[in-house]
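Thanks for coming. I will keep this short and stay with side-chain contacts. Please have the sequence and the structure open while I talk.

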Amino acid sequence: MKEEKIELGAVCGRFQVFHKDHLRYVLGAKRCCKHLLVGITSPDPSVSPKENSDENRGLKASNPCTYYERMMIIEQSLIEYGIPAEEFHIVPFPIGKPELVKYYVPLYATCFFTIYDQWGQDKMERMQQAGYQAEVLWKSNQKGLSSTFIRKQIAEGKEWKEYVPSAAYSYMKQHQIDKRILKLMS
């Protein structure tokens with residue numbers, strides 16, 4: 001018997017740089033719902049306070065892409081992987097001020113999380129306190145890929161193409177985001 005999909009789901013992340021483990025997270029959530037909202041955290045630096053459980057979040061070098069660039073990279077990556085454009089939307093998700101999330105994500109959406117560390121746990125608890133139902137897709141003590149790793153690869157002139165969806169790589173090269181990362185991290 002086939003399990004019924006929920007109507008609306010949501011995921012969230014900074015996606016600074018959107019990589020293949022982010023894609024796995026988004027696709028995992030999409031399998032659980034008919035429509036998915038992909039929330040971009042830290043959409044605007046003015047609503048992104050310092051986080052104690054993730055001190056690097058606010059650094060300029062940790063945030064090379066604008067909201068628009070992340071939106072385009074994610075959209076192109078999801079379409080490349082076969083998710084029809086009408087089955088997802090990309091929205092701001094100001095996790096630093098969870099009381100604002102309801103303006104972008106309806107309270108009836110189920111928020112999906114992957115938990116690797118205290119920051120993942122904190123995000124889930126914030127959304128639960130804000131009134132959202134939360135589900136954990138998977139929990140692990142070992143994080144796979146990280147955007148920090150990929151930004152370091154770029155800054156050190158090492159290969160990074162294999163870690164991101166090809167649509168993300170193409171967009172970043174076309175718009176010289178890799179050069180921006182190199183400059184920010186030097």
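What follows is a look at the cysteines and then at the salt bridges.

A caution to begin with: this is a predicted model.

Cysteines come first. How many disulfides are there? The count is zero. Take C65: the nearest cysteine sulfur to it belongs to C12 and is 17 Å away, whereas a disulfide needs the two sulfurs within 2.5 Å. C65 is buried, at a relative accessible area of 6%.

On to charged side chains. Side chains of opposite charge can pair when their charged atoms come close. In this model the count of salt bridges is five. I will go through some of them.

One of them joins K34 and E7, with 3.3 Å from N to O. Which parts of the chain does this pair tie together? K34 sits in strand β2, residues 33–40, and E7 in strand β1, residues 6–13, so the bridge connects parts that lie 27 residues apart in sequence. As for accessibility, K34 is partly exposed at 38%, while E7 is exposed, with a relative accessible area of 51%. The line for exposed is drawn at over 50%, so E7 with its 51% falls on the exposed side.

Another salt bridge is between K30 and E87, at 3.0 Å from N to O. This pair links distant parts of the chain, 57 residues apart. K30 belongs to helix α1, which covers residues 20–30. E87 is in the loop between α2 (67–80) and β3 (88–92). Are these two residues buried or exposed, or partly exposed? K30 is buried, with a relative accessible area of 6%. E87 is partly exposed, at 28%.

The last one I will show is K173 with D178, where the N to O distance is 2.8 Å. K173 has 39% relative accessibility and counts as partly exposed. D178, at 10%, counts as buried.

To sum up, the model has zero disulfides and five salt bridges. Among those bridges, K34 with E7 ties strand β2 to strand β1, and K30 with E87 links helix α1 to the loop between α2 and β3. That is where I will stop.

Note on methods: Residues are numbered from 1 along each chain as its sequence is written. This is a predicted model: local features need pLDDT of at least 70, side-chain atom pairs count only at pLDDT 80 or more; totals for chains, interfaces and linings use all residues. Side-chain values use heavy atoms; hydrogens and water are left out. Buried means under 20% relative accessible area, exposed over 50%, partly exposed in between (1.4 Å probe, protein chains only). A salt bridge is a side-chain nitrogen of Lys or Arg within 4 Å of a carboxyl oxygen of Asp or Glu. Helices (H or I, at least four residues) and strands (E, at least two) are DSSP runs, numbered from the N terminus.
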